[in-house]
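Me: I would like to learn how to read a predicted model. Could you take me through one?

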Amino acid sequence: MTNTNISSDKSTALETSKVALWLTDALFSRRRDSGIILLVVVLLEFGIATIVYVTGGTKYVYLQFMYLPVMLGGLLFGSIGGVIVAGIAGVLLGPFMPLDLEKNLSQPTLSWLVRTGFFCLIGGSSGVLSSLLRQRMRMIESVAQELSVTYGRTLHALVSLVQERDDKTADHSERVAYNAVVIGRELGISQDNLETLYWSGVLHDLGKIGISEQIINKPGPLTPSERLDMQRHPVIGERVLLNASPDFAPIAKAVRSHHERWDGRGYPDQLKGETIPVEARVVTVLDVFEALTSKRPYREPMSTREAILFLRENAGTHFDAQIVDIFTSLHHSNKLAFGDEQPSDLIEMQKRYGAKSVLLNRLKL
Ligand SMILES: [Fe+2]
């Protein structure tokens, strides 16, 4: 089975877990408004009792609707709550409810007593089941929390690999990640994908750990063969991430594509336009801007103005024009971080995306 298949299976499983969590949360969470919910359940019982009376008494099928609030009572308030709601239901359909309104026939006492017993059995057992489910959900939540911590640690271990290799690259990557999230918000990217964007920014050059130090630190321009070697780093980065966990697939995909070009002349896959993951398109703009404005042993850094002009001239060929537009306007309003700047909300962003894991956020725990 390929990593992509595993990842898509896990993704489906996560989506299912999300629905299960939402459902169980809706049904089983401890609520402050439980008094109101109890009132609604009891009102529902009164409503059903009225329907039973108006339609002619308990000999008709409508009394079966009463199982609904009884089961809800058990699910929402546990076995004791279930039995109480069942008792109310039994009394409402009990001595004062006719068997046949038209013929003025009342119910035999044994009949409504047995029915009340059934209601209590259903309400009570729904309550026991819901307690068991609650317990199971708490276990799943705690396992997911543990997993998420492991995921977070794995990503941090990969970040420290980048830092060990080159401190400057680490600072550059943190800045790219910060600015990527700021741009991502403007693009209307969802919270889950902002986290992928953050990690894609931090880890985009992770694959450089597999490139020889001589090439990485070469003071002059690279020869064609050295350039080819260097161009392997997006694929190496992707492989390291996928080997760490198939759950990092979205980040790995963006890392692989951060040197693609809008016109399809990039590497490694010559992807074009919107087939390039949006996270990669954002990182590309920021990465090139950083490269142009940084000092290299063989050239002076470009001014910010010149670098922005370069981005604008190459929008629609090298870069996604929409992202260049957003970058320019955010830059003009001083919302992006450059050089040694430490934006005030950088730590907050690192805590938000750095401390959590992909899984944790996707499960909304
Ligand atoms: Fe790169």
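The dialogue below goes from confidence to helices and then to the backbone.

Me: What is the mean pLDDT of the protein?
Reply: This is a predicted model, where local features need pLDDT of at least 70, side-chain atom pairs count only at pLDDT 80 or more, and totals for chains, interfaces and linings use all residues. Residues are numbered from 1 along each chain as its sequence is written. pLDDT is the predictor's confidence in each residue, from 0 to 100. Its mean over the protein is 83, with 82% of residues at 70 or more. Over residues 1-7 the pLDDT is below 50, and over residues 355-365 it stays under 50.

Me: How many helices and strands does the protein have?
Reply: Helices (H or I, at least four residues) and strands (E, at least two) are DSSP runs, numbered from the N terminus. The protein has 15 helices and 2 strands.

Me: How is the packing of two helices described?
Reply: By the angle between their axes and the distance between the axes. Axes are lines fitted to C-alpha atoms, for helices over the stretch in contact, and angles run from 0 to 180 degrees between N-to-C directions. Here the axes of H2 (residues 34-54) and H3 (residues 67-92) cross at roughly 35° and come within 10 Å. Residues in this contact (C-beta atoms, placed from the backbone, within 7 Å) include Ile37, Leu38 and Val41 of H2 and Leu72, Gly73 and Leu76 of H3.

Me: Is a residue buried or exposed, and how many residues of H6 are buried?
Reply: A residue is buried if 20 or more other C-beta atoms lie within 10 Å of its own, exposed if 12 or fewer, and partly exposed in between, with C-beta atoms placed from the backbone. In H6, 10 of the 13 residues are buried, so this helix is largely enclosed by the rest of the structure. Among them are Leu194, Tyr198 and Trp199. Over the protein, buried residues make up 33% of the 365 residues.

Me: Which peptide bond is cis?
Reply: The one from Tyr267 to Pro268, with omega near 10°. Pro268 lies in the loop between H10 (249-256) and H11 (278-293).

How values were computed:
Two residues are in contact if their C-beta atoms, placed from the backbone, lie within 7 Å.
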